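Work through the two exercises below with the model open beside you, and try each task before reading its solution.

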Amino acid sequence: MNERTEQDPMYVGYLPLPTRHRVFLALLIPALMLALIGTATLIAAGQRDPGPAMWNASEERAWSGTLITTPYPMLIEDDGTTHLIVEMGKRGAHERSTLGPDPRAAEVHGYELRRSGRRIIELAPDADAITITGPPARAHTPNELGPGTVRGEIVDGKCFLGAMKPGDGKAHKSCAILCIQGGLPPMVAVRDDPFDPTPDEILLLLVDGSPTLSPELLELVASPVEIFGTRSRLGTLGTIDASPNDIRPLP
Amino acid sequence: MTATYKLVQWNRHKRVYDVALTLACTGYLATFVAVGLAMPEPGRTVGTEVLAMRALGTLAIVLLHLILIIGPAARLTTLAAPLLYNRRHLGVTFFLVALLHAIIALGFYGGFGVRNPISSVLAGYASYGSASGFPFEVLGFAALLIFFVMAATSHDFWLAILGARFWKTLHMLVYVAYALVIAHVALGPLQSEPSPVHGVLLILGVVTIGTFHIAAGIKELRTDSSAIDADDQQWIDVADVGDLDDNTASVVCLRSEERIALVRHDGSISAVSNVCAHQGGPLGEGRVIDGCLTCPWHGYQYRPADGQSPPPYTERLATYAVRIEGTRVMVNPKPNAPGTRVEPARIAGSKESS
Amino acid sequence: MHTMETVLLAFAVYATIGLMFAIAFVIRGAAHIDAAAQSAPLRVRLAFAPGALALWPVLGIKWARAGKAAP
């Protein structure tokens, strides 16, 4: 024989609340509310700094310069400022009919994404977002800087430069893969500390000269990697060109 | 089985419960977004869609912890009974919050691209062997499926047609889903958060849930350890009449793991199964209200003499034969078919109320 | 990747069958299995649809048995 129940009134949902339950709840509910608000504050305030990324999606702008398509569609202004060019959504601009094989002078309309000196233009949705204005004002050849090794994370340029904040890290991995599959530029956020919001550099990643990644390499997106390749500079854009075997996961 | 089904059997308590729950959820989300839009500095904050996803995801985890604590808390103290009474609404709210989190994640991470959003989020990568490559989204999806089945079958209709045993087993999957959620966080967002706050809170949550369950388990073990051996006895001595208070029930544990609820009411003693036909609540911890033994969990009622719910309700309990020898209460441990009427054992010298 | 795609396809098939079953269950099945559901209004029986979608194999068996038991 055990479990004697006290003679205080029992709680039954459809009957009035007994006094001792009333007192208990009067203390518990405010305490729980405070705990919830405290937890929300702690978690929200503890979030990682997404970095100084900027996406000006509300203001359409125009840029002019030299339009080139290899290794990736980009516009190089006369002062050398280089903008990668992408479409709206998670798509690259390769399919734009106005993109010809040769460098030409062009005017580009769209929205700016920017982070740590790296720039992307998201083309306006209209068909004439790129207008060819004539032959190239100036030829641009990549300036090869020689071989080098970098450590960091492979990101998709558009999200990392401001389309998604944060546009890196594990939670964003599936998005980054989808973006790169859609033709957005794979880039390397060069940093030793994987949480550093201001990477040393943000380089365009090329694999044997091309900005497309094999399924095996896509698995390494958003994870720490070490890349050995040839570094170059095109306008203000830094690139690294590696063979697939020289892109290795870090533990 | 109940007379008929309603969407919700509303009463004042449930309304107050739901208002408090709505306030709590709104307060949490508003605080999270307000703090998120101010940190680390205005203009350099987490994007609104990511903020919404995180606010909902973390709220879901907080609610899940609350849900899992209520069960053992109610076993430890009857004070927690009001939290248990409407836990179902807490569960469905939790599911909706988690679902919204998943929809936003699917929309923003999986949408706007060249692949089907579901396939790109759940099958975009698959390095199951490494922590940084493990597709944590799959874990969240699996947990959400379990929560969906639980939320979808939370109505009493399901309890009736699936049977209490199947239903209970189905809802025990919450512990599997909880483990999946913890892994979803540990192999997902936690991998790219340098602050120790999130990891520490998660560990604290797991430890709290563990502590409550262990404490409740110890209490149950103590109850079982005082069990009475009834293997080859026809009548077993279970209590002294003087130990039983009027209009109150007591639990008797038999070694066969069977539990009997002894009810003293109206100058007599009756014995019925301790397990409520609704959700298995401990009837022996209940009271007699309006002449019926009332379950402390959801207030289901049974007549002590025949174990039947008063009309129009149709729930029935197994009954046991009882007799009084001197001041000792004797029970025959062989259960009668549910709803069988057994003459209550009259306590000498007591008067029947009119 | 391939395995997960197959699993997702299986889920889609299961849910599609479940959806069709759920409609039938709300209209007829619920009342057939549980007499108390007969007098439940449509909006209550609609609330049973998600559960029917999820558990259609179990309910299908119960419905078939209830059909045999009925005269």
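Predicted model: local features only at pLDDT ≥ 70, side-chain atom pairs only at ≥ 80, totals over all residues.

**Exercise 1.** Compare the end-to-end distance of helix α1 of chain C with that of a straight helix, and find where α1(C) is kinked.

*Solution.* Begin with the length: α1(C) covers residues 2-33, which makes 32 residues. A straight helix would reach 46 Å at 1.5 Å a residue, but the end C-alpha atoms of α1(C) are only 40 Å apart. Next, look along the helix for a bend, and you will find a kink of about 65 degrees centred on Phe25(C). Finally, turn to burial, taken as under 20% relative accessible area: Phe25(C) is itself buried, and the buried residues of α1(C) also include Met4(C), Leu8(C), Phe21(C), Ala22(C), Val26(C) and Gly29(C).

**Exercise 2.** Describe the contact between chain A and chain B, from its area down to its salt bridge.

*Solution.* Start with the area, since the size of an interface is often given as the accessible area lost when the parts come together. Chain A and chain B bury about 6400 Å² between them, with 61% of it on carbon and sulfur atoms. The contact draws 62 residues from chain A and 90 residues from chain B. Then consider the polar part, where 24 residue pairs are in polar contact between the two chains. On the side of chain A that touches chain B, α1 (19-45) and α3 (173-181) each supply at least two residues, and α1(A) gives the most, with 16 residues.

Note on methods
Residues numbered from 1 in each chain as written. Chains lettered and ligands numbered in written order. Heavy atoms only, no water. Helix = DSSP H or I, 4+ residues; strand = E, 2+ residues; numbered from the N terminus. Expected span 1.5 Å × (residues − 1). Bend = angle between axes of the 7 residues up to and from the residue. Buried < 20%, exposed > 50% of the residue type's maximum accessible area, 1.4 Å probe, protein only. Contact = heavy atoms within 4.5 Å. Buried area = accessible area lost by both parts, 1.4 Å probe. Salt bridge = Lys/Arg side-chain N within 4 Å of Asp/Glu carboxyl O. Polar contact = N/O pair within 3.5 Å; in protein donor to acceptor, adjacent residues only side chain to side chain.
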